[in-house]
Amino acid sequence: DREVPYRMRIQGNDSNTGESIVLKPGEFKVFGEPKNAKKMADLVHYAEGLILTEGHGSEKGFHEYRFLRDNDRAKIGAELDDPTSYGTHRLYANLNDTIKTRISPAKLDSGNEEFKVFPELNNQEPAAYLKFYTGTVGRLHDDNGGTNATPTIQELKRAADANPNRVQIGAIEWDTNDLAAHLPTLEYGDVPFLTFGGEPEIRKFNNTDDPESNDRDNKVPLLIASMRLKTEQDSNTHNSNMSSMWLNNGIMNPYFSNGFSNGSTDDQNVNLKTHQYEVTWEPFTGWESTPTVSIGSGNRGYGGTGVTPQSGVEYAPFSQVPLAPATSLAQFSHAPLNTGGVAPFTTQIVGNSFAAMLVPRNTKIASKDAVPGAIADLIDHSYMANTTLFDGYFLSTAASEQGPLAGSSPRNLDTVLSEFFDGTRPLANPNVMPKSGSAPTITVADYATFADHIYNNGAFNVNSTSVEAWALFLASGTQEALPILDVLTGGDSLTDADDSEDLAVSRFAPMAGDEMPDNLDYNDGARLSSHRRLSAAQIMDLAEQVVTQVKARGPFQSVAEFVNRRLEGSDSLLNSGALQTAIEQANLNDEDFGGVAVPKNHSELNSAGGSGKSSDGSVSQITQADILNRLAPSLTVRGDTYLIRTYGEATIGNQTSRVWCEAVVQRGHEFVDTSQPSTTAPADLNLINQTYGRRFNIVSFRWLSEKEV
């Protein structure tokens, strides 16, 4: 949305105003009764969708539907199309009679033709299922072109799937073979009950002959059932669904499935601790006291840290929509690379190195036969993505500069390139330097060979074991007043962060808020809408821990090897990469905001607790990818420029002559055998170039005096 560049527009309409709904960064919304609600028995909403009403009220969120059944699960009372008949079952209520309800988890027999509407679920009834669409279905027509007033469920579904203006953008399925382990049985008296007054009568849930008899005083809400994204303070009383919501449960994944498994490979049914959604229910105790319908200012809901005003926040930024070309591969930690709905539901993939929950730590790919409930081989997304990207690709930052961050001086690609090669203006990454010589003509088509024309000035070898060198490298950011976009105010303009003597560490650019204050509560909105700062002492501690990890894991033969965790060795080597482990050993994330122990890896899934925190991966906790956002463009595992000093002497008779010299030798772009272009693929190199690689050039030479040695 160009008019509101810092917000994300979603498809949908406010039923009161007809305006499109715009969510601020990280904002939650609560929606109540659908405007075009149909009885669930009709299942019309499956094809037509629902327009949701923002907010909630005393008459919203509930729909009339005869749900009472006898012990054989047959309906009590009349069918909906015959309100005058009560069949063989009647519900009588006398004066002062009390109706109490017992609620237990169960699923209907989905073998009935009525429920065969989910072929993707093997026509079985899920415990919870949602589909998300854009577009509209339009009117349904019969075979003769007339309006079909009474379409079957199957006809509705076919109409929905066939409409070209209706596009499915996501689906959520939640199920388990053991519902009772997650949804407790509520006994008589646990939920609200109804006491009748007036004359003895048969109570109807939907009396179409006499609508006035549908008195709301004769209806009492019993239960609040929720399917929702997990939070740091998970409400599942069994704690069996607890996980690090920021890292291991695919919060940005538009597809989610944990369904049916009959012992074969029908559908994935993996450990629910690894999933982003939970299903809960609780007795409805009142509009103000039942936490699942709580909303804050501006009809905003609560999430992130919890679902109540006491535990939740109204804003919890998770991922950033790019406002400018990326400068670091680690910025792809925001990219939704895992959106297929197949476990593991890892997020913040690129640049991070946490062990995947469902994948044994000694491997990067787990066979589906080795993981109960899996329908496909499971991969460690971070390990594989880092291996693919780091060393194999780099970001030159030679890109057009457009959009809100370009201000009043946007530049197209031709201008960016010409000003870079003529020395007028550097690229976004100032360490990228033009190769000496005449400026080449570069177009978009030349990106594959762009590296042939540039150097990386100031690269840092991660195999260094110098604490001082690492400290300087880690501190090579800025202490200046960086731009921020305060999501708590919902403003569209950039401001400057407060001055600080410490080093800024931020997941977002612009930063999502000012420096995180000290001693915050876990549900303080500023915690999830701010950035961290590291003092000089913390940077030195981190440098010492990085050197410890380099000695334990190195020498690294590739940058990806430095970024990734090990597949063998001690727990610390298996759990995360060198930099992430150093962050933890330096105690940079001491605050346990989540307050709940969660599994950290595959081996902890079935344990009672876990060594992780439910707040791991939130913006209040510094991750490896956060550090690499700034450092990744400068990482290397070998030197390309060497300072060589040599000494020689010759003795003739009683006289000895000594000389010292110094040369700077640099690896260039050309191969030793220059008959092959510098862009030749490794597989196509001749024997000489396979053996000796790229040519070293002497870029400077001088004689030294003895005093200089």
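How many cavities of 30 Å³ or more does a search of the whole structure find? The search finds eight. A cavity here is a set of points, on a 1 Å grid over the protein atoms alone, where a 1.4 Å probe fits but cannot get out; grid points are joined across faces, edges and corners, and the volume is the space filled by probe spheres set on the points.

Before going on, note that this is a predicted model, in which local features need pLDDT of at least 70, side-chain atom pairs count only at pLDDT 80 or more, and totals for chains, interfaces and linings use all residues. Residues are numbered from 1 along each chain as its sequence is written, and side-chain values use heavy atoms, with hydrogens and water left out.

**Stop 1: the largest cavity**

Select Met 252, Ala 335, Pro 336, Thr 347 and Gln 348, which lie nearest the centre of the largest cavity. This cavity holds about 120 Å³ of space. Its lining numbers 17 residues (each with an atom within 4 Å of a point): seven nonpolar, 10 polar and no charged. Nonpolar covers Ala, Val, Leu, Ile, Met, Phe, Trp, Tyr, Cys and Pro; charged covers Asp, Glu, Lys and Arg; the others, Gly among them, count as polar.

**Stop 2: the largest nonpolar core**

Now pick Phe 390, Trp 470, Leu 474, Leu 542, Phe 562 and Ile 627, the ones that touch the most other members of this 39-residue core. Such a core is a set of buried (under 20% relative accessible area, 1.4 Å probe, protein chains only) Ala, Val, Leu, Ile, Met, Phe, Trp, Tyr and Cys residues joined through side-chain atoms within 4.5 Å. Helix 6 (536–553) is one of the elements supplying at least two residues, and helix 6 gives the most, with six. Helices are DSSP runs of H or I, at least four residues, and strands are runs of E, at least two, numbered from the N terminus.

**Stop 3: Gln 545**

Staying in helix 6, select Gln 545. Beyond four places in sequence, Gln 545 touches Ala 582, Gln 585 and Ala 586, with contact meaning heavy atoms within 4.5 Å.

**Stop 4: confidence**

Finally, colour by pLDDT, the predictor's confidence in each residue, from 0 to 100. The chain averages 79. Where pLDDT is low, the predicted coordinates should not be read in detail.

Technical notes
Buried means under 20% relative accessible area, exposed over 50%, partly exposed in between (1.4 Å probe, protein chains only). On a 1 Å grid over the protein atoms alone, a cavity is a set of points where a 1.4 Å probe fits but cannot get out, and a pocket is an open set with protein on both sides within 12 Å along at least five of seven lines; lining residues have an atom within 4 Å of a point.
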